[in-house]
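This report describes one protein structure for a reader who is new to the subject. Please keep the sequence and the model in view while reading.

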Amino acid sequence: MVEFGDAFRRQLRELFVWRRDVRRFRTDALPDGAVERLIETACLSPSVGLSQPWRFVTVDDAVRRRAVIDDFRTCNADALNCYSGERAARYAALKLSGLEQAPRHLAIFADKASEIGHGLGRATMPETTEYSVVAAITAMWLAARAEGIGLGWVSILNPERIGGVLDVPASWKFIAYLCIGYPEAECDQPELERANWEHRRGADEFTLRR
């Protein structure tokens, strides 16, 4: 068994602390093969029944990227209407995507029709297919941060429209749209916390003991 010492564990925790959902990117291009390397790391993640349900779509076409940006703007305007007063003003001031600046876009889907894994573990909890894809995204996020690369997850999008824009099979469920590039700045505090939208709470607040 491979053993990891105290120094490695301390650095690993620092990696968790400094992982950020990046919204502000430099426009510098990433090195050739960087995104492909991150995808390979993501594919090392666990998946229910070894189903490997993740499907990655690199979005390089300018027309498709513009359609995604337009969809974000539509969905963001609709989301703003859900708030009022001071909260609406705070929402309007937030930067909620790096779609315009990030040099790379990556869409990630879960293939719910895949026969890989033969259905093991999904009879009672079919949603574990999507959970497996989220686990892969987490691995990619940490690997990116370890290379000094920023990743931003854009969730203010219409899944059906994005599936159409990217022309993927109907059985693929949209999970995430990621902006990838070098961050303008690094910080160990979430941007939404710095903007006074919400604050991070301690583990005890989310832990039940039975």
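Helices (H or I, at least four residues) and strands (E, at least two) are DSSP runs, numbered from the N terminus. Buried means under 20% relative accessible area, exposed over 50%, and partly exposed in between (1.4 Å probe, protein chains only).

This is a predicted model, in which local features need pLDDT of at least 70 and side-chain atom pairs count only at pLDDT 80 or more, while totals for chains, interfaces and linings use all residues. Residues are numbered from 1 along each chain as its sequence is written, and side-chain values use heavy atoms, with hydrogens and water left out.

Helix α3 (residues 62-80) has 19 residues, and 27 Å separate its first C-alpha from its last. That is close to the 27 Å expected at 1.5 Å a residue, where the expected span is 1.5 Å times one less than the number of residues.

Which residues of α3 are buried? They are R65, V68, I69, D71, F72, C75 and A79. These residues lie on the same side of α3 because they cover an arc of only 160° around the axis; the arc is that of the directions from the helix axis to the C-beta atoms. A62 and V63, on the other side of α3, are exposed. At the start of the helix, a side-chain oxygen of D61 comes to within 3.2 Å of the backbone nitrogen of V63.

## H105 in strand β2

H105 is located in strand β2 and is buried, with a relative accessible area of 1%. Its side chain takes part in the polar contacts listed below. A polar contact is a pair of N or O atoms within 3.5 Å; within protein, one must be able to donate a hydrogen and the other to accept it, and residues adjacent in sequence count only if both atoms are side-chain atoms.

| Side chains | Polar contact |
|---|---|
| H105 and R65 | 3.2 Å |
| H105 and Y177 | 2.8 Å |

Leaving out residues up to four places away in sequence, H105 touches V57, T58, V59, R65, L99, Y177 and L178. Contact here means heavy atoms within 4.5 Å.

## Nonpolar cores

A nonpolar core is a set of buried Ala, Val, Leu, Ile, Met, Phe, Trp, Tyr and Cys residues joined through side-chain atoms within 4.5 Å. The largest one has 26 residues, of which L99, L157, L166 and Y177 touch the most other members. At least two residues of this core come from each of β1, α3, β2, α6 and β4. Helix α3 gives the largest share, five residues. Another core, of 25 residues, lies apart from it and has I39, V133, A143 and L178 among its members.

## Cysteines

How many disulfides does a search of the whole structure find? It finds zero, where a disulfide is a pair of cysteine sulfur atoms within 2.5 Å. The sulfur of C82 is 11 Å from the closest cysteine sulfur, in C75, which is too far for a bond. C82 is exposed, with a relative accessible area of 65%. For C187, the closest cysteine sulfur is in C179, 19 Å away, again too far for a bond.
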